[in-house]
Amino acid sequence: TGRTIIWSKTMEYIKEKPMVGYSFDNRILANTYAGSNQKYFNTNNAHNSLLYILISSGIIGTIVTVVFFIISLKTNKNNCDIKYSYIYIYIVAAMIRGFTESCLQYSHVLLYVMLIIVSLYNEQKNELNNNTREEKLK
């Protein structure tokens with residue numbers, strides 16, 4: 001499929017700007033010429049979510065994104081109702097898909113919105129539980 005060629009070119013660009021990357025929705029890969037593999041570089045898709053984060057926001061952005069995922073999933077792990085489990089299923093599926101296709105480039109808004117919704121829901125649920133405990137103590 002040419003993905004390994006794209007991955008190696010992406011890693012070359014990442015090495016040039018490792019800390020901050022080239023910004024979101026950059027055109028660095030789309031402007032790459034790779035000889036007989038030119039057809040693989042018509043778009044700016046790294047075909048790997050981790051590489052896409054690294055090329056667009058560097059090590060700093062990647063660390064922030066990974067920490068955001070960990071905190072979101074960790075804080076929500078014990079508080080989520082079963083009716084919201086489909087959101088977690090989607091997130092896991094998107095992350096698995098992200099190894100061979102960048103789930104962050106095409107559906108980045110949806111992925112982050114769902115993480116935020118789950119986080120806000122659980123924050124609200126924790127707040128209600130705390131208020132209920134406080135009322136019982138009075």
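Read from one end of the sequence to the other, the protein follows the pattern α-α-α-α. It has four helices and zero strands, where helices (H or I, at least four residues) and strands (E, at least two) are DSSP runs numbered from the N terminus. The model is a predicted one, in which local features need pLDDT of at least 70 and side-chain atom pairs count only at pLDDT 80 or more, while totals for chains, interfaces and linings use all residues. Residues are numbered from 1 along each chain as its sequence is written, and side-chain values use heavy atoms, with hydrogens and water left out.

Of the 138 residues in the protein, 36% are buried; here buried means under 20% relative accessible area, exposed means over 50%, and partly exposed lies in between (1.4 Å probe, protein chains only). The protein exposes about 8800 Å², and carbon and sulfur atoms supply 63% of that area. Accessible areas come from the Shrake-Rupley method with a 1.4 Å probe, and for residues only the protein chains shown count as cover. Among contacts between residues at least 6 apart in sequence, 69% join residues at least 24 apart, a contact being heavy atoms within 4.5 Å.

The largest nonpolar core has nine residues, namely Tyr13, Ile14, Tyr22, Leu29, Ala46, Leu51, Tyr52, Leu54 and Ile55. Such a core is a set of buried Ala, Val, Leu, Ile, Met, Phe, Trp, Tyr and Cys residues joined through side-chain atoms within 4.5 Å. Helix H1 (3-16) and helix H2 (49-77) are the elements that give two or more residues to this core, and H2 provides the largest share, four residues. Apart from this core lies another, of five residues, including Phe69, Ile91, Ala94 and Leu111.

The structure holds one aromatic pair. A pair of aromatic rings is described by the distance of the centres and the angle of the planes. Tyr13 and Tyr22 have ring centres 6.2 Å apart and planes at 90°, so the pair is edge-to-face. Rings of Phe, Tyr and Trp (its six-membered ring) pair if their centres lie within 6.5 Å, with planes under 30 degrees apart counted as stacked, over 60 as edge-to-face and the rest as tilted. Both Tyr13 and Tyr22 are buried.

Two loops also deserve a look. His47 sits in the loop between H1 and H2 and counts as buried because its relative accessibility is 14%. Leaving aside neighbours within four places in sequence, His47 contacts Arg3, Ile6, Trp7, Phe99, Thr100, Glu101 and Ser102. Phe99 belongs to the loop between helix H3 (85-97) and helix H4 (103-137) and, at 57% relative accessibility, counts as exposed. Not counting residues up to four places away in sequence, Phe99 touches Trp7, His47 and Asn48. The C-alpha atoms of Phe99 and Leu51 are 9.1 Å apart, although 48 residues separate the two along the chain.

One salt bridge is found in the whole structure, the term meaning a side-chain nitrogen of Lys or Arg within 4 Å of a carboxyl oxygen of Asp or Glu. Glu12 and Lys9 form this bridge, with their closest N and O atoms 3.9 Å apart. These two residues are about one helical turn apart because they lie three residues from each other in helix H1. Glu12, at 43% relative accessibility, is partly exposed, and Lys9 is partly exposed at 21%.
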